[in-house]
Amino acid sequence: MASFFSRIAIFRIFLLCSLCFSDFGFLQGVSSLGINYGQLGNNLLPPEKVLDLLSALRITKARIYDTNPQVLTAFANSGVELMVTIENAMLGQLSNPQAAFQWVTSHIKPYVPATKITSIAVGNEVFTDDDTTVLLSNLVPAMVSIQGALAQLGLDQYIKLSTPCSLAVLQESYPPSAGSFKTEVSGVMSQLLQFLQTTKAPFWINAYPYFAYKGDPNRVSLDYVLFNPNQGMVDPFTKLRYDNMLYAQVDAAIYAMARLGFNGIEVKVSETGWPSNGDENEIGATLQNAAIYNRNLLRRQLQNEGTPLRPKLRLEVYVFALFNENMKPGPSSERNYGLFHPDGTMAYNVGLSSVSTTSATTPSTTTSSVSDFSSSATKAATMEYHQSWVYWMLVCVLSFQVYMRRPF
């Protein structure tokens, strides 16, 4: 009899573990996917509606380009992981430890833990900014000061610091194994990498295969940059095969770090995307290409892929961007990277709620509203819920029968 009750206890433990590690009762999202939530527009949805949109998309990671109090307040208790950004112009001021402490006290501490701030981007593309010399001299000191402030407030174990870098910091990126940093940035880059290694923070890159295609469309394969089926390329030194440019760019950054003596730092993609419209000379900036790029990228994310160099480490990616932002300066493409129009209608359908079951075809334009998309996501989630429930019930029933049929 004791053996019988022992087996009942084992079965209960098995049932509990099965539920904990299954999708039962939870929406199945893409754990390595985030999105860039820029706010350079005068006609964007309020933060509360943006949160509803992210919930409908089942996206749980977002990056903003400031520390907007309205956004930080709206995202409280949502579970969405936020990366906030310190503007480049603030780096000089925040290199002072006292100023950094005051900044963290007023811009970060009031919102956590309710708002799940997990990363602070200290500047953006500092190494290639117009005011590079001044900014670079303040970058690492500012990061050290902010890290110290986080430690004083007991937040350093929850919030990581890094700085997104443009791929223009690379002297060589092809083939990936030839990856190296430009000589003029290698000094400060070494200091940055030492900081990241010490704090176990990732190296962030803004990677846009679109720019490579736009710059040389006759030599760069469109299928290669869009993740479409293609012959790919084989690195002649490592013999690793690459079937898309984004993964090659990430591995080039890994090799560049190794050349400076830093191994083991994780590389994450803080920005990547494709414009759906552009000026006449912006080759490849079309709605069709944008939809294909982002749909194929999402498909790869659902598979939790790593790069050829690090196949077992899933690549974390933040898509640029959530909205078309009508106040962004520069060419037309800059205002047309959004998956959504400012009012929440889709610029094009990448199938976020059904990408796991739909074939990779050329998506069409749609004007579905946020509520329509939310309804679609809810239906998909309901189907996943029932499928998961049935599966795990069968597993548990069969396991129970096996235990009960064995002799005591």
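**View 1. The largest nonpolar core of the predicted model.** The largest nonpolar core has 107 residues, and those with the most contacts inside it are Phe 75, Ile 108, Ile 120, Phe 127, Phe 181, Phe 203 and Leu 322. Helix H10 (residues 245-259) gives the most to this core, with ten residues. A nonpolar core here is a set of buried Ala, Val, Leu, Ile, Met, Phe, Trp, Tyr and Cys residues joined through side-chain atoms within 4.5 Å, where buried means under 20% relative accessible area, exposed means over 50% and partly exposed lies in between, with a 1.4 Å probe and protein chains only. In soluble globular proteins, nonpolar side chains tend to be buried together. This is a predicted model, in which local features need pLDDT of at least 70 and side-chain atom pairs count only at pLDDT 80 or more, while totals for chains, interfaces and linings use all residues. Residues are numbered from 1 along each chain as its sequence is written, and side-chain values use heavy atoms, with hydrogens and water left out.

**View 2. The chain as a whole.** The chain holds twelve helices and 13 strands, which are DSSP runs numbered from the N terminus, helices being H or I of at least four residues and strands being E of at least two. Of its 408 residues, 50% count as buried. Among contacts between residues at least 6 apart in sequence, 71% join residues at least 24 apart, a contact meaning heavy atoms within 4.5 Å.

**View 3. Ile 120 and Lys 160.** Lys 160 itself lies in strand E5 (residues 160-162) and is partly exposed, with a relative accessible area of 28%. Not counting residues up to four places away in sequence, Lys 160 touches Thr 118, Ser 119, Ile 120, Thr 199, Lys 200 and Ala 201. Lys 160 and Leu 150 are ten residues apart in sequence and 9.4 Å apart in space, C-alpha to C-alpha.

View 4. The 16 residues of helix H11 (residues 287-302) should span 22 Å at 1.5 Å a residue, and the end C-alpha atoms are 22 Å apart, which agrees; the expected span is 1.5 Å times one less than the number of residues. H11 is mostly covered, since 13 of its 16 residues are buried. Asn 304, which follows H11, has a positive phi near 50°.

**View 5. Two cis peptide bonds.** The peptide bond from Val 112 to Pro 113 is cis, with omega near 5°, and Pro 113 lies in the loop between helix H5 (97-107) and strand E4 (116-122). A cis peptide bond also joins Tyr 174 and Pro 175, with omega about -10°, and Pro 175 is found in the loop between strand E7 (170-172) and strand E8 (180-181).

View 6. Most residues other than glycine have a negative phi, and most peptide bonds are trans. Arg 58 has a positive phi of about 60° and is buried, with a relative accessible area of 12%, in the loop between helix H2 (47-57) and strand E2 (61-63). Lys 239 has a positive phi near 65° and is exposed, with a relative accessible area of 63%, in the loop between strand E10 (233-234) and strand E11 (241-242).
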